[in-house]
Amino acid sequence: MTDAELARLRELDRHLARGMFGDSSALRANADVYYGGLYALLGKIFPPFADLAEKAHSPQSRSLLRGFADEAFLRLRDREERSDERLRQLVELVAYARSLEPVPPVPVSALAPATAGLLRPPTLTDVDDTLGQQLAQRFHAAMAHDGFTVEIALQEPAAPSQDSVDRAFRLLYACLPTVAPETAALVDGVVLFQGAPHSAYISATPLVIYLNERVAADPLAGADSVLHESLHQKLVDFGLARRMLRSGYQDAASHRAPVPWGGPGRSFTADRTLAAFHVYVHLTLLHAVALLDRDGLGLEHTESELTDRLAVRWARAAYLGSCFDERDLAAELDVDGAALVAWLGAVNAELGELVLSSGDRLKAVASVE
């Protein structure tokens, strides 16, 4: 491994933050335009919604505003039922929250003060944080649907967990100084929890990611999870202005790709396969930099440990990308989804040529598990 290889990884970091699929500032601008129009539309249908966006002064309220609006729009579009009740519930929540003194999130990482802060979800007895309770309820519901039982842990600013999250963000920015801040800027808040999954992003609470405090204790694992979940928000923002999936795509009816890790019989829909491919290419780059610059980053992991983690991520990215060589799965994509697959595939192919200290190329030692 040479300085030239590390320099090339830095160039890939810049590459993944440019263009149609990399420029996060353009994605956020597109999202702002889209939701501005959606909020105006919902305001015409349900007048109390008209000025709601101006009242969303906290990460919790902005997340709920977007999540509720997405649900309301789907109901109106599908004409299954009117959305007044959901909108009325949100109006009441935000109006109540506006009467309270807003509590800003705890800053994460002095290296990037504009980054999402650490949110402190309420306990069951915290009656003064109705928005936070709603956020927690929606998270619990999504996790229960996926078979997880979790408890969101209330964190104080000085708690050791806060220091862990800060270290994870610092390491992430050090490894990917262009991609990481741009991607994290798409997220408004980080919630710590205790339970089985390493981390989570759920569509019911957009702009917020969830991080297991046990995972955050390992800076590299924490950086991996923060990047992973932030990238899910990025792909959601792609879909607002780009033709990612074919017209009429329905996740429940999608052709599926078998997944050879995580247990027998596992498979992903086209949407999830695309999302996982997007994530694993970026995680491969993160771990490649961590391996090549292990001493400079002050990592405690051995070279062997980092090589194993890198090999798994590259192999999974390569496998997920190859799934779209299958005609039925590829047919679920639209023009921009296919372009994203090609863009990510080119990056992952270059990462596969990385020469390890053993003299082997990464692609020769990679394994999905």
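Partly exposed describes a residue whose relative accessible area lies between the buried limit of under 20% and the exposed limit of over 50%. That cut-off comes in handy for the first view of this predicted model.

**View 1. Asp-218 in the loop between helices H9 and H10.** Asp-218 has a relative accessible area of 23%, so this residue counts as partly exposed. Its loop joins the stretch between helix H9 (213–216) and helix H10 (219–241). Setting aside neighbours within four places in sequence, look for His-301 and Arg-309, which are in contact with Asp-218. With His-301 there is also a polar contact, side chain to side chain, at 3.2 Å. Val-165 makes a handy landmark here: 53 residues separate Val-165 and Asp-218 in sequence, while their C-alpha atoms are 9.3 Å apart in space.

**View 2. Asp-237 within helix H10.** Asp-237 is buried, because its relative accessibility is 1%. Once residues up to four places away in sequence are left out, Asp-237 touches Leu-27, Ala-31, Arg-66 and Leu-186.

**View 3. The largest nonpolar core and its contributors.** This core has 78 residues. The members that touch the most others are Leu-9, Phe-169, Leu-172, Leu-176, Leu-227, Leu-285 and Leu-340. Helix H11 (residues 270–292) is the biggest giver to this core, supplying 16 residues. Elsewhere, a second, separate core holds 17 residues, among them Leu-119, Leu-131, Ala-136 and Met-143.

**View 4. The surroundings of Leu-176.** Zoom in on Leu-176, one of the core members with the most touching partners in the core. Residues up to four places away in sequence are not counted here, and Leu-176 touches Arg-10, Asp-13, Pro-181 and Leu-227, together with His-282, Leu-285, Leu-286 and Val-289.

**View 5. Helix H11 packed with helix H15.** Two packed helices are described by the angle between their axes and the distance between the axes. For H11 and H15 (residues 335–352), the angle is about 25 degrees and the axes are 10 Å apart. H11 is therefore roughly parallel to H15, as angles under 35 degrees count that way. The crossing of the pair is left-handed. On the H11 side, the meeting residues are Leu-274, Phe-277, His-278, Val-281, His-282, Thr-284 and Leu-285. Their counterparts in H15 are Gly-337, Leu-340, Val-341, Leu-344, Gly-345, Val-347, Asn-348 and Leu-351.

Terms used. Residues numbered from 1 in each chain as written. Predicted model: local features only at pLDDT ≥ 70, side-chain atom pairs only at ≥ 80, totals over all residues. Heavy atoms only, no water. Core = buried A, V, L, I, M, F, W, Y, C linked by side-chain atoms within 4.5 Å. Buried < 20%, exposed > 50% of the residue type's maximum accessible area, 1.4 Å probe, protein only. Helix = DSSP H or I, 4+ residues; strand = E, 2+ residues; numbered from the N terminus. Contact = heavy atoms within 4.5 Å. Polar contact = N/O pair within 3.5 Å; in protein donor to acceptor, adjacent residues only side chain to side chain. Axes fitted to C-alpha atoms, helices over the stretch in contact; angles between N-to-C directions. Parallel < 35°, antiparallel > 145°, perpendicular 65-115°, else oblique. Left-handed = near helix turned anticlockwise from the far one by under 90°.
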